[in-house]
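Thank you all for coming. I would like to walk through one structure this morning, and I will give the cut-off behind each term when I first use it.

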Amino acid sequence: MKKVLIVHDISCYGKCSTTVALPIISSMELSGILLPTALLSTHTAGFKNYTVLDLSDEMPKIVNHWQSFGMKFDAIYVGYLGSAKQIHYLKETIPDLLTEDGKFYLDPVMADNGTFYPAFDESYAKEMRALCDMADVIMPNQTEAAFIYGLPYQEGIAGLKQVDDLVRVAKAQKQSLILTGAGLDDEGHTGAYYYDHLTDESGLIQDRLVGGGFHGTGDIFGSIAVGAHVNGASLKAATELAVRTLPNMIDSSLSNPNVLMDGIDFETSLGDLSTFVRQLKQSN
């Protein structure tokens, strides 16, 4: 079974980051291993006075132990990083943790809707650019892509006017791209744009927009896309699976009056993700 290293924070309550990534990766018949970047009492959307424990000093200790017995990974999926210190550490460490054919997937979590998240700024975006340049697949939203690569910011379909510039960067770095949120329009759709470096194929994939904004959806999307791609699906098929599955997950969550705090009921679709992987393996 392929091993996927998940580098993300742990939010003890509220489904996001590692608490969605690990079960999704596992349901897709991959072995998930955790390298936590921070420990939080809750997610940060809507809560006050949540606790945060920075694990920057613990990360090298964990990795050093792994390296003492030769642990390597078929894929590394990086999400939330709390500081430039963690970026610098991963830049040095990731090449030594991947197998010869291993892939590095990066969701450069730092911003949305035209603004940085608290504690992030332009200097952090510049640091993140160097990590992005190392990745095999980058998965920014449109705000993050604008801040990291110095592109004009527009949301949804309108933002695709700048996607050629982003694809040129990806081609120069010989990497693939999934730009999330790029399918949002005024006709009730959302989705993502993908560019596959290996096939030079690109396109926009859309599905229905359900509800409003919910925390954790980006983590769910990224985990599904990574799980499918590591299992051998094309980048287009991996993107399509994530785009198509997320509305169903949100649908199943809307009856929960506390969904904004609890998070999306992604568990209802884990069986479908498992079925996708088994059918994919049979077809291959």
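This is a predicted model: local features need pLDDT of at least 70, side-chain atom pairs count only at pLDDT 80 or more; totals for chains, interfaces and linings use all residues.

Residues are numbered from 1 along each chain as its sequence is written, and side-chain values use heavy atoms, with hydrogens and water left out.

Let me begin with the helices, where helices (H or I, at least four residues) and strands (E, at least two) are DSSP runs, numbered from the N terminus. Helix α1, residues 18-27, and helix α10, residues 270-283, have axes that come within 8 Å and cross at roughly 40 degrees. That makes α1 oblique to α10; angles under 35 degrees count as roughly parallel, over 145 as roughly antiparallel, 65 to 115 as roughly perpendicular, and the rest as oblique. The axes are lines fitted to C-alpha atoms, for helices over the stretch in contact, and the angles run from 0 to 180 degrees between N-to-C directions.

Which residues in α1 and α10 meet? On the α1 side they are P23, I24 and S27, and on the α10 side L270, L273 and S274, where contact means heavy atoms within 4.5 Å. The residues of this contact divide into 4 nonpolar, 2 polar and no charged, with Ala, Val, Leu, Ile, Met, Phe, Trp, Tyr, Cys and Pro counted as nonpolar, Asp, Glu, Lys and Arg as charged, and the others, Gly among them, as polar.

Turning to the cores, a nonpolar core is a set of buried Ala, Val, Leu, Ile, Met, Phe, Trp, Tyr and Cys residues joined through side-chain atoms within 4.5 Å; buried means under 20% relative accessible area, exposed over 50%, and partly exposed in between, with a 1.4 Å probe and protein chains only. The largest such core has 45 residues, and I76, L90 and M128 have the most contacts inside it. Leaving aside residues up to four places away in sequence, M128 touches L81, I87, L106, P108, M110 and I148. There is also a second, separate core of 42 residues, which includes I24, M139, I224 and A242.

For the rings, Phe, Tyr and Trp (its six-membered ring) pair if their centres lie within 6.5 Å, and planes under 30 degrees apart count as stacked, over 60 as edge-to-face and the rest as tilted. The count comes to 5 aromatic pairs. W66 and F73 form an edge-to-face pair, at 5.4 Å centre to centre and with 65 degrees between the planes. W66, which sits in helix α2, residues 58-68, is buried at 10% relative accessible area, and F73 is buried at 0%. Elsewhere, ring pairs link Y80, F120 and Y124 into a cluster.

Finally, the backbone. Most residues other than glycine have a negative phi. S17, however, in the loop between β1 (3-11) and α1, has a positive phi of about 45 degrees, and K174, in the loop between α6 (163-173) and β9 (176-180), has a positive phi of about 55 degrees. Are these two residues buried or exposed? S17 is buried, with a relative accessible area of 1%, whereas K174 is exposed, at 63%.
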